[in-house]
Amino acid sequence: MKPLVKRLLPAIALFCCTVASAYVPIKVEYQTTGVAPAFFGPYAYMVPDVSDGVMKTSPYAELSFDTIVGHIAGKGNEDYTFAPAFNVVIPLWTDRVNLKVYGEIQEYYSDNAVTRTLRRVDPSLPLKDHDAGALYFGVDLLVLREASWWPAVVLSATTLSATGDHYEYARHYDAPGYHFTLSAGKDLPAGFRLSAYAGFLCWQIDRGRQNDAFMLGAKASYSCSWLQASVEYGQYSGVEHYGDCPRVIKARADFRLGSVAPFLYYSHGFNDWPFDQFRVGVSYTLKLKSR
């Protein structure tokens, strides 16, 4: 037990110190900014996926296409977003470190007058257009390997670039952000696995200020020789409490065909992420020959 505690304490201490330094409660003595997911496009800062604590041991890539239906304006006034997306994970020198890069390559959107009014966008701007997508860069660090009576523990650090454009159209924040998570995952009998994470997420809301949000998520998955399926819940809660508390339920099914795996993905947002996301794609795992 002592070796386990010794290995966990540095990671927990680092995580807690980082959270304490980044999350400083803000007394709301100013007008709320509204720079929050409820008033922007779906990619402004999505609720991150729950890590299952499994590290990639071979290079992994996926390419997909998203169709996202927005319902901020209610039934009959939906807005639409279409985007090709990608995800790449590369092990670095060891099975304890993964580099990841993901995001949407380009987004195409179609709004309506009611949506634009609710998002406080100039009504004279075109309702249909496209812009650059958001890119994420991150690292996963395996802190503790899974064993018979304790879970795998992974520390993740991810940065959102400022590549997302069209702030005036309320599509992206056009500002950087980042999130840190500490996740744990454990295999159960019959191919099932449970995992969860906690962390914080930050993005710029004004000159010299940022919104600091606590994150929570949980995931249940099932895996066999030809299928991997999962359902998860994720959320974060910002300090303004004005459009910055999104909640999302997600489901995914990967159909394994050797190194290739077509997949289907669906997420339903509520509270402050008023979207339904449909994704279809294919992943590829590069099998490296051992020397």
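**View 1. Antiparallel pairing of strands β9 and β10.** Strand β9 (residues 192-206) and strand β10 (residues 209-223) run antiparallel and are joined by 14 bridges; two strands count as paired if DSSP finds at least two bridges between them. The model is predicted, with local features requiring pLDDT of at least 70 and side-chain atom pairs pLDDT 80 or more, whereas totals for chains, interfaces and linings use all residues. Residues are numbered from 1 along each chain as its sequence is written, and side-chain values use heavy atoms, with hydrogens and water left out. Tryptophan 203 has asparagine 211 of β10 as its bridge partner.

**View 2. The turn of the β9-β10 hairpin.** Two residues lie between the strands of this hairpin. Glycine 208 adopts a positive phi near 80 degrees.

**View 3. Pairing of β10 with strand β11.** Ten bridges link β10 to strand β11 (residues 227-237) in the antiparallel sense. Tyrosine 222 is placed opposite alanine 229 of β11. These strands, β10 and β11, form a hairpin with three residues between them.

**View 4. The protein as the setting of the close-ups.** The protein contains two helices and 14 strands (DSSP runs numbered from the N terminus: helices are H or I, at least four residues; strands are E, at least two). Of its 291 residues, 47% are buried (under 20% relative accessible area, 1.4 Å probe, protein chains only). Among contacts (heavy atoms within 4.5 Å) between residues at least 6 apart in sequence, 60% join residues at least 24 apart. The protein exposes about 14,300 Å², of which carbon and sulfur atoms supply 65%; accessible areas come from the Shrake-Rupley method with a 1.4 Å probe.

Terms used:
Buried means under 20% relative accessible area, exposed over 50%, partly exposed in between (1.4 Å probe, protein chains only).
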